[in-house]
Amino acid sequence: MSTELETALEIVSGSPEATRTFAANLASVAAPGDIVCLWGDLGAGKTVFAKGFGAGLGVRDTILSPSFVLMGEYAGRLPLFHIDLYRLASATEALDGGLLDDRQSSGVVLIEWPDRLGASLPADRLDVAIDGGADEPRILTLTPHGPGHARYAAAARAAGATDAAEATEARGGRAASQR
């Protein structure tokens, strides 16, 4: 039998604005030390999600893709550390480069391209997989890992998310990306 922590939730976003709004709703339950991993292809909407999440934390600065600087830091209700590992080949580069450190425990860490961390990927995290591209709707699949991120499931349900298995069945069996 699956538990709240094992249940993936899904929501369909019809626009960048809807993705930002959903992410802002999730940010309302963010707590110090949270780690949110953003999975998806180039152009899927990971940075759009980060902008909405930041807005939900009260970040007033413009959140940009940190692809070239690797990490953007923003002040809000909680500090936001937005990390993009796309240009890195391995966890060693991220860890040796100081992209993950103790000061981040006071805020929320959003990680784009978390697959680069390999076995160093934190066990207690929220995975957000974003499927879709170009002008099609995005399917956002949320999977909380560990008790520290279970509160995101309640926030996602309140914002309209449903169990991913049920949503996939309702769409005629089309498999959604899940992590």
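In the predicted model, helix α4 spans residues 151–158, and its buried residues are Tyr152, Ala153, Ala155 and Ala156. Viewed down the axis of α4, these buried residues fall within an arc of 165°, so they line one face of the helix. The cover over the buried residues of α4 is drawn from both helices and strands, including α1 (16–27) and α2 (46–56) as well as β1 (9–13), β2 (35–39), β6 (125–131) and β7 (138–145). Just after α4, Gly160 adopts a positive phi of about 110°.

Strand β1, one of the elements that cover the buried residues of α4, has 4 of its 5 residues buried and is therefore largely enclosed by the rest of the structure. Two pairings of β1 are described here. With β7, which also contributes to the cover of α4, β1 pairs in the antiparallel sense over 5 bridges; within this pairing, Glu10 has Thr141 of β7 as its bridge partner. With strand β8 (residues 162–163), β1 again pairs in the antiparallel sense, here over 2 bridges, and the bridge partner of Leu9 in β8 is Asp163.

Helix α2, likewise part of the cover of α4, carries both Phe49 and Phe53, which lie 4 residues apart, about one turn of the helix. A search of the whole structure for aromatic pairs returns 1. This pair is formed by Phe49 and Phe53 and is stacked, with a distance of 6.2 Å centre to centre and an angle of 25° between the planes. The angle of 25° lies under the 30 degrees below which planes count as stacked. Both Phe49 and Phe53 are buried.

At the level of the whole protein, the model contains 5 helices and 8 strands. From the N terminus on, these elements run in the order β-α-β-α-β-β-α-β-β-β-α-β-α. Of the 179 residues in the protein, 48% are buried. Among contacts between residues at least 6 apart in sequence, 68% join residues at least 24 apart. The accessible surface of the protein comes to about 8,400 Å², and carbon and sulfur atoms account for 54% of this area.

Note on methods
Residues numbered from 1 in each chain as written. Predicted model: local features only at pLDDT ≥ 70, side-chain atom pairs only at ≥ 80, totals over all residues. Heavy atoms only, no water. Buried < 20%, exposed > 50% of the residue type's maximum accessible area, 1.4 Å probe, protein only. Arc of directions from axis to C-beta. Contact = heavy atoms within 4.5 Å. Phe/Tyr/Trp six-rings, centres within 6.5 Å; stacked < 30°, edge-to-face > 60°. Pairing = 2+ DSSP bridges. Areas by Shrake-Rupley, 256 points an atom, 1.4 Å probe, with all protein chains shown as cover.
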